[in-house]
Amino acid sequence: MSTIAQNLQAVHHNIVAAVQESARAAHGVTLLAVSKTFDAAAVLEAARAGQTAFGENYLQEALAKIASVAAARPPVLLEWHFIGPIQSNKTRPIAEHFDWVHTVERAKIAERLSQQRPAGLAPLNICLQVNISGEASKSGVAPSDLPALARAVAALPGLRLRGLMAIPEPVDDFALQRAAFARLRHLYEQLRAEGFELDTLSMGMSSDMRAAIVEGATMVRVGSAIFGARDYS
Ligand SMILES: *Cc1c(COP(=O)(O)O)cnc(C)c1O
């Protein structure tokens, strides 16, 4: 078995263990393999081991990788998630080449993605990125502005609002990790109580996946635990 296949097996094992540890009703957790900085060969190796959903941060790198994976024979059908910061002049290729975007934090970006989503494709799946770390983080919509953004995004025809995403400040302490993820889960539950049909809580990476799952993550974004250490991040 290849290293990537072995790593995937270990991550799946850890996901199952964390779900069992969670006091919440057993919930499914989707593994998003974050392949940034790793090449198409690594993606195909993971795909051969059964992985289907991949996350990318850097647009140019991602577009080249998506194209080379699309040329692979026999063909592999993968789901691509954009999880990096979005510049407003780069929305078109994101709308054209991705299935999901996890990092929407402004209505203007959402409007562009909706307009630019090709008519022949299903609506682009969207998670709103929330700033749950306060001043320590510059990314994400403030919790107080989240309901208005959710209303705006839910009304756009080219998009399908699926849920929330956050990247908390990295901390080693398990209880502190959980506290940050619990804040995102509360916001998610509030929006659901208001009638938004959300099914995705995108939270947890290699170093804090267990805390995220215990707090109800439905999708974890895992890079280095699958592909190894990155030269740059
Ligand atoms: C890089 C990255 C990840 C994966 O991080 P690892 O620590 O390698 O698991 C997850 N989410 C986002 C937004 C990232 O940029």
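**View A. The buried side of helix 7 in this predicted model.** Tucked away here are Q177, A180, F181, A182, L184, R185, L187, Y188 and L191, the buried residues of helix 7. What do they pack against? Their partners are helix 6 (146–154), strand 6 (159–165), strand 7 (200–202) and helix 8 (209–214).

**View B. Helix 7 from end to end.** Running over residues 174–193, helix 7 has 20 residues and spans 28 Å from first C-alpha to last, close to the 28 Å expected. At its start, D173 puts a side-chain oxygen within 3.2 Å of the backbone nitrogen of A175. Just past the other end sits G195, with a positive phi of about 110°.

**View C. L128 and the largest nonpolar core.** This core counts 68 residues, and the ones touching the most other members are L113, I126, L128 and L164. Setting aside neighbours within four places in sequence, L128 has contacts that include H102, V104, L146, L149, A150, V153 and L161, plus G163, L164 and M165. A separate core of eight residues lies apart from it, with V34, A53, C127 and M165 among its members.

**View D. Strand 1 and its two partners.** Strand 1 (residues 30–34) is largely enclosed by the rest of the structure, because four of its five residues are buried. With strand 8 (residues 219–222) it pairs in parallel over four bridges, and L31 has V220 as its bridge partner there. Strand 2 (residues 53–56) also runs parallel to strand 1, joined by two bridges, with V34 opposite G55. To get from strand 1 to strand 2, the chain passes through helix 2 (residues 40–48), making a right-handed β-α-β crossover.

Conventions: Residues are numbered from 1 along each chain as its sequence is written. This is a predicted model: local features need pLDDT of at least 70, side-chain atom pairs count only at pLDDT 80 or more; totals for chains, interfaces and linings use all residues. Side-chain values use heavy atoms; hydrogens and water are left out. The expected span of a helix is 1.5 Å times one less than its number of residues. Buried means under 20% relative accessible area, exposed over 50%, partly exposed in between (1.4 Å probe, protein chains only). Contact means heavy atoms within 4.5 Å. A polar contact is a pair of N or O atoms within 3.5 Å; within protein, one must be able to donate a hydrogen and the other to accept it, and residues adjacent in sequence count only if both atoms are side-chain atoms. A nonpolar core is a set of buried Ala, Val, Leu, Ile, Met, Phe, Trp, Tyr and Cys residues joined through side-chain atoms within 4.5 Å. Two strands pair if DSSP finds at least two bridges between them. A crossover is right-handed if, with the strands pointing away from the viewer, the path from the first strand over the helix to the second runs clockwise.
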